Amino acid sequence: MADGTRALFMLFGGTGDLALRKLYPALFNLYKKGSLSKHFALLGLSRKELSDEEFRAKIMTSIADETADQQVATEFVSHFYWKSHDVNNMDHYQDLKKIGNQLDDQYQTGGNRVFYVSMAPRFFGIVAQNLQSQHVLSENGGFNRLVIEKPFGRDYQSAKELNDQLNSGFQENQIFRIDHYLGKETVEAIPVLRFGNPLLEAVWNQNYIKDVQITLAESLGVEDRAGYYDTAGALRDMIQNHTLQIVSYLAMDQPNSFVDTAIRAEKVKALESMEIYTDQGVKDNFVRGQYAGDEDHPDYRHESGVPVDSNNDTFAAGKIVFNNPRWGKTPFYIRSGKKLADKQGRVDIEFKKPLVDIFAKGTGTPGELQKNVLTLEIDPRVGLSLTINTKDSKQGLHTETVPLDYLQSDNRAAQVPLPYERLFHDILNGDGTYFASWPEVAAAWHFVDPVQQVWDTQQPDFPNYQQGSMGPTAADELLARDGNAWFYRGTK
Ligand SMILES: NC(=O)C1=CN([C@@H]2O[C@H](COP(=O)(O)OP(=O)(O)OC[C@H]3O[C@@H](n4cnc5c(N)ncnc54)[C@H](OP(=O)(O)O)[C@@H]3O)[C@@H](O)[C@H]2O)C=CC1
Ligand SMILES: O=C1O[C@H](COP(=O)(O)O)[C@@H](O)[C@H](O)[C@H]1O
């Protein structure tokens, strides 16, 4: 990993939930695998007053599940330091500057700095601006990289304002907008599946693909995040970012080479060719939902922290139409929601049937040919399968469908890097392939904003789906109108 192994991390929100649950374990895994060398240090920051030792004890707890080897864990945490820091207090940045320089010298970091803002979104821009104006950026010839958590704005306008703030101190190639779905094994594999297999890429278009379905379903509800979630909803929380990012990898044209700039350029073109809906288009092509209660579980409006009159969407589904030659008539259906039948992240690609079914009038009792379906499983299993038509083993000609399957083994799954581990690795390498660029984020908001605007002005008929179902019936009708149906129906 060349010089990327040398770095000083400044982690804003160092005692936060995300840092403790995801970020430190991911860094620890990189350390165990040798991707982080002895030339790294991490300065944890928040308003809390902690000693280095108290901070290190928190890190030990955070990484406890990742190792039984106390010596490696102790070595790792010895690289961690704490500074009480209020991001609104300018004086505090002077301390950051001094400590940063000391740690650079002590760990010979080469002046490389990663600023990770793992805080509430209202602080993203403030931190970026203050780092620049208070001269905390490395001036020793190393790199300066800014990592921003989600959500990136709540509409195009707020995202643009945030982006302008970030740009005051950082250039686009220094900004890493985290979308943890892009660190998932199956999502990262999409470009390889498509561009590494001519037999797939040759048919990856409207001539052969009937429709594409993306499902990011969760069985959990809003849990303890109502404060955030009730201001976001499924459309902003899961569709604008994770779902449309997956759409972009599925829909883009082949880049000239597999480098981040070329890939991002193709992703943007795909996202910008999505049809932006009029108000009527939104009504025809998008469905929202909110879950009902049952005898054992409250409905969404009675979850802790949710207003009893909330019209927030806990489910969103839609149809995407592309105005480009590759996809012209092929719809992409997307859906995501909470309290659905299963935790299930997947892509189902339905191919067209042969124009003529020559087996339909054969001898015996022929079966009807079925569509080929390529399924990419993202969560909880990692795998892929392709259903194909073949002959069954009985006497006479009967067709049947069999799957060609790949399912990741438990053994292999145990070796797979965590999503945040992959993303940290890429940040250290300066590789933005699996991060959302600003034009992609902007295009996604341009698509989502009209939907949200219509929803904001219309009273929904909530609640409208049962917990444990796959969402409102209107989401099934959306596909039925085109003569299609969701391939994945849930296991309940
Ligand atoms: N938690 C999760 O599972 C996920 C979180 N995210 C995103 O990650 C980010 C962080 O979320 P999460 O960890 O849950 O948030 P938390 O509320 O758990 O942590 C927020 C952190 O910010 C610190 N903080 C708050 N105000 C200030 C201030 N003025 N100056 C300095 N530090 C401050 C807090 O510490 P203190 O009070 O001591 O100052 C705390 O360390 C958010 O953008 C969220 O959307 C994204 C996906 C999942
Ligand atoms: O970004 C988010 O993702 C999680 C789902 O992530 P997963 O990796 O568990 O599939 C979702 O629960 C959360 O609401 C959203 O903010």
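These notebook entries record what I looked up in a predicted model.

**Conventions.** I number residues from 1 along each chain as its sequence is written, with chains lettered from A and ligands numbered from 1 in the order in which they are written. The model is predicted, so I take local features only at pLDDT of at least 70 and side-chain atom pairs only at pLDDT 80 or more, while totals for chains, interfaces and linings use all residues; side-chain values use heavy atoms, without hydrogens and water.

Entry 1: I began with the UniProt record, where an unreviewed entry places the feature "binding site" at Arg47, Asp86, Val87 and Lys150. Positions follow the numbering used here, feature names are shortened, and annotations may be inferred rather than shown by experiment. I found Arg47 in the loop between β2 (40-46) and α2 (52-62); helices (H or I, at least four residues) and strands (E, at least two) are DSSP runs numbered from the N terminus. Arg47 is exposed, with a relative accessible area of 65%. The classes are buried under 20%, exposed over 50% and partly exposed in between, with a 1.4 Å probe and protein chains only. Leaving aside neighbours within four places in sequence, I list Ser84, His85 and Asp86 in contact with Arg47, where contact means heavy atoms within 4.5 Å.

**Entry 2: Lys150.** I located Lys150 in the loop between β5 (144-148) and α6 (156-167). Its relative accessibility is 23%, so I class Lys150 as partly exposed. Not counting residues up to four places away in sequence, Lys150 touches Phe124, Ile178, Tyr228, Asp237, Asn241 and His242. For Asp237 I noted a polar contact: its backbone oxygen lies 2.9 Å from a polar side-chain atom of Lys150. A polar contact is a pair of N or O atoms within 3.5 Å; within protein, one must be able to donate a hydrogen and the other to accept it, and residues adjacent in sequence count only if both atoms are side-chain atoms.

**Entry 3: ligand 2.** Which residues surround ligand 2? I list Lys150, His180, Tyr181, Lys184, Glu218, Arg225, Asp237, Met238, His242, Lys338, Lys343 and Asp379, each with a heavy atom within 4 Å of the ligand. Oxygen atoms of ligand 2 lie 2.8 Å from a side-chain N or O atom of Lys150, 2.6 Å from a polar side-chain atom of Asp237 and 2.9 Å from one of Lys338. Under "binding site", UniProt (unreviewed entry) lists His180, Lys184, Glu218, Asp237, Lys338 and Lys343.

**Entry 4: Glu218 and Lys343.** I place Glu218 in the loop between β7 and α9 (226-229) and Lys343 in the loop between β10 (332-337) and β11. Is each buried or partly exposed? Glu218 is buried at 15% relative accessibility, whereas Lys343 is partly exposed at 32%. Beyond four places in sequence, the contacts of Lys343 include Glu218, Tyr181 and Asp379.

**Entry 5: strand β11.** I found eight of the eight residues of β11 (residues 344-351) buried, so the strand is largely enclosed by the rest of the structure. In a regular strand the side chains alternate between the two faces of the sheet. Here Gln344, Arg346, Asp348 and Glu350 are buried on one side, and Gly345, Val347, Ile349 and Phe351 on the other. β11 pairs antiparallel with β7 (residues 209-217) over eight bridges, pairing requiring at least two DSSP bridges. Asp348 is the bridge partner of Gln213. Six bridges join β11 to antiparallel β12 (residues 373-379), where Val373 is the partner of Glu350.
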